[in-house]
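Student: I've got a structure open and I'd like to learn how to read it. Could you walk me through it?

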Amino acid sequence: MADLELTVNGTKRRVAAPETTPLIYVLHNELGLTGSRYGCGLEQCGSCMVLVDGEPVYSCSREVGTLAGRAITTIEALGSVEKPHPLQQAFIDEQAGQCGYCLSGIIIRAKALLDSNPQPSRAEIVAALDRHICRCGAHQRILHAVERAAKTMSKP
Amino acid sequence: MNAPLPLSLRENPQLTRWIRFLDDGTVRIATGRVEIGQGIVTALAQIAADELDVPLDRVKMLSGDTDEGPNELYTSSSLSIEVGGASVRLVCAEIRARMLDFLALRLNCARDELDVSDGVFTHNGVATDYDYWKVAPSIDWNAPVSGMAAPKPVSAHRLIGQSVPRFDLPAKMTGAPIFVHDLRLPGMLHARVLRQPNRGASLVSLNEAAIRRAAGSDIRIVRVHHFVAFVGEDETAVQRAVVAAPDHARWDGVRDLDPTQSEGKWLRDQQSDDRRYGAPEAKAEGRKVEATFSRGYLSHASLAPSCAVAEFKDGHLTIWSHGQGMHPLRTNVALALDIDPETVSAHHMHGAGCYGHNGADDCAMDAAIIAREIPNRPIRMLWTRQDEFGFEPLSSAMMVTLQAHLDDKGYPRDLTTEIWSGTHVQRPGVGGATLLAAEALPKPLPPWAPFDAPEERGGGATRNAVPIYAIAAHRILHHLVTTMPVRTSALRGLGAPVNVFAIEGLMDDLAANAGEDPLAYRLAMLQSDPRAHRLLTRCADMCSWSGRGAAGSGKGLGIAVGRYKNISAYAAVAAEVEVDEHVRVTRIWCTADAGLVINPDGIRNQLEGGIIQATSFALKEQVRLGGDGVRSRDWDSYPVLRFSEVPEIACELMDAREHPSLGAGECTIGPTVGAIGNAVAHALGKRVHDLPMTRERIIAALA
């Protein structure tokens, strides 16, 4: 059992957990952040995606001991039901989802994309999301939502 | 004359099961229909708000609750609007009418001088002192629903027909705790299950010490006969235990499957229960054409593994589940545990997309077994990804042979659809089927008896086996295979995707034989179905059918049409493909007729989703069997369509508001598979008869 200090969504949190614990269980069960969805535990579906120092990372397999001093960003950091982030608002405007289980990971990945490339082409969005599985078939709406977000977020 | 009450109202005539006016000025509408990613709860609220004349924000929905809500069995078969919505509408109309009757007497005025505005009763347009909440205690809530109050005419709808945004999506887009997976209760324990490999397999030995070592911290091992679970406060530890466990467990009586059993054609020589529907035996008149089509097994492949929470406290079992039917779940868990259903409550919570009977119910049963062993602690059971792929019921492989006798003009005068398939409905409690873990308990329930969805409910394997076209004589020969290698049950469309793929494929080939354009050939057989005729014509316009090129160019355009179950929504789909060794679906056009549309954007979302899922079925998906069961247990071995592979989709809803609402969630599945099959045939100049249309099959067709 290690005593770890993690920076999650801008706040320093102390966690007692073995260093080999996957980050997702710490988020879910120690920090009360269940927004990063558990999908496969195999780095195959992308629903658990979080950002570590701005880079997309599978929280289902990333061991928490490797994250001391790194900035972890989860879907909860973006916005809330009452006050959604412009990226989330674009998803709401496009009704870009069905079951919604994939969306935390997809929105986090889209955030990383737009942070590094504020005006991505359709092909760049597709490439960024291609490792994410949406089983309901909301793909077209999701692509439209990211394009809409790129437009609205670039406005001064 | 009144139509018979919808089934839901006949089964739940008590008004308080449906509607209550709450002290906070809202009205609570209860439904047995549950949100499974299709937006149903929002649509039902629209219906209620319109009928009651209240704004949408006054409507609170309670969905899937055995304690207070109605029993509507399963949310399945595209019936939630047709039956569930019709029930909510009648209930609301009746409540409104009863209150108006009461108030007319109280105010000594004519009833037609009264109206409702934002829940307040008005007299000749002027607000009275009365509203629903004030009048509610005065009406007889014990009188059963009569269904006699006429719902509003279409012209009076305000919210129906509007694309109201879904209530649940903002939570899902902001990571709010809305899924059952997110439920965290005080004292909760995490649990994983070591699955019995198959019915009849018995656990010979379990090296508990080795599993505890792998877990790394304290876990409890729950064993009930051949049911084994790992339970503890530390989720990481129970997960490590379940990953290690198969290497430390020895089973007897494990099945040994052969990879050839993965194919639809394997079913032809198996023991079956044979039925026949429709016209008598074919008269051997006219030219005969025969073709055989097949498909392998499909997985639901819901994005999340199944999850459930159960707690056994003071003799009462409470379950939170993402299953499709909370009332059946209660009954089935009680039966399997041999306890009184009155001592069980089941509450629905959201889960990952559900396209039919997946692992949800079985997972809830697992949680319930453990909760009984460890009372007073909520038990959160989560399946592994591998177990969701390995043990959820699959959509049966199928083989379909079509035999047509043609008239002088080359049109079928007689058609036989002969089907070999496992069942498409093996839900717990239906036809004697049980929950998975019940088979591991000391007293397993009797084995399942051959059963498939009956024809009057749209059939299972036979779903859409009757063509939409006017054909003088048609019959179905149904071979329900009774000794299946794996458990099979309902997946979106049931038998429809294979049957429509086969029928629409044959129609294209018959059109070619007759020297006719496939569109014109179809339209000639749809003269007596104006809705289908209009829909197909419009779809052909959208895809510029008239500019369709010659066959065999590597680029193809195909079209298909169907009416789900032959009684629900219509859809026509056109697909554009590019084929080298792979098939790439580049564009899809779709028209749909769902009668009166409650939420147009909600339906479009369902049409688009169905199209993408069916494209995935057609091109990529097949469960691989072998060894002790399912071999394809992750997303690499069971690939589904990705962002880089989805077509550009254009959908159009036909205005058919004068017709009753038709369930639309499954209507695109068959026509999409059919259209892609025809587009690939057009691109290659040769037909691929077996699904999925993989690279190997394309190469074989070209050889």
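Tutor: Let's go through contacts, helix pairs and a few backbone details.

Student: What should I know before starting?

Tutor: This is a predicted model, so local features need pLDDT of at least 70 and side-chain atom pairs count only at pLDDT 80 or more, while totals for chains, interfaces and linings use all residues. Residues are numbered from 1 along each chain as its sequence is written, and chains are lettered from A and ligands numbered from 1 in the order in which they are written.

Student: How do I describe two packed helices?

Tutor: You give the angle between their axes and the distance between the axes. Axes are lines fitted to C-alpha atoms, for helices over the stretch in contact, and angles run from 0 to 180 degrees between N-to-C directions. Take H3(A) and H4(A): they pack at about 130 degrees, and their axes are 10 Å apart. H3(A) and H4(A) are therefore oblique to each other. Angles under 35 degrees count as roughly parallel, over 145 as roughly antiparallel, 65 to 115 as roughly perpendicular and the rest as oblique.

Student: Which residues of H3(A) and H4(A) meet?

Tutor: Ile106(A), Arg109(A) and Leu113(A) from H3(A) meet Ile125(A), Ala128(A) and Leu129(A) from H4(A). That contact has 5 nonpolar, no polar and 1 charged residues. As a general idea, an α-helix has 3.6 residues a turn, so residues three or four places apart point the same way.

Student: What is the angle between H2(B) and H3(B)?

Tutor: About 25 degrees, with the axes 9 Å apart. That angle makes H2(B) roughly parallel to H3(B). Among the residues that meet are Ile40(B) and Leu44(B) in H2(B), and Val88(B) and Cys92(B) in H3(B). The whole contact of H2(B) with H3(B) divides into 10 nonpolar, 3 polar and 3 charged residues.

Student: How far apart are the end C-alpha atoms of H3(B)?

Tutor: They are 38 Å apart, which agrees with the 40 Å that its 28 residues should span at 1.5 Å a residue. The expected span is 1.5 Å times one less than the number of residues.

Student: Which backbone details should I look for?

Tutor: Most residues other than glycine have a negative phi, and most peptide bonds are trans. Asp53(B) is not a glycine, yet has a positive phi of about 60 degrees; you'll find Asp53(B) in the loop between H2 and strand E3 (59-63) of chain B. The peptide bond from Leu691(B) to Pro692(B) is cis, with omega near -5 degrees. Look for Pro692(B) in the loop between strand E27 (690-691) and helix H16 (695-702) of chain B.

Conventions: Helices (H or I, at least four residues) and strands (E, at least two) are DSSP runs, numbered from the N terminus. Two residues are in contact if their C-beta atoms, placed from the backbone, lie within 7 Å. Ala, Val, Leu, Ile, Met, Phe, Trp, Tyr, Cys and Pro count as nonpolar, Asp, Glu, Lys and Arg as charged, and the others, Gly among them, as polar.
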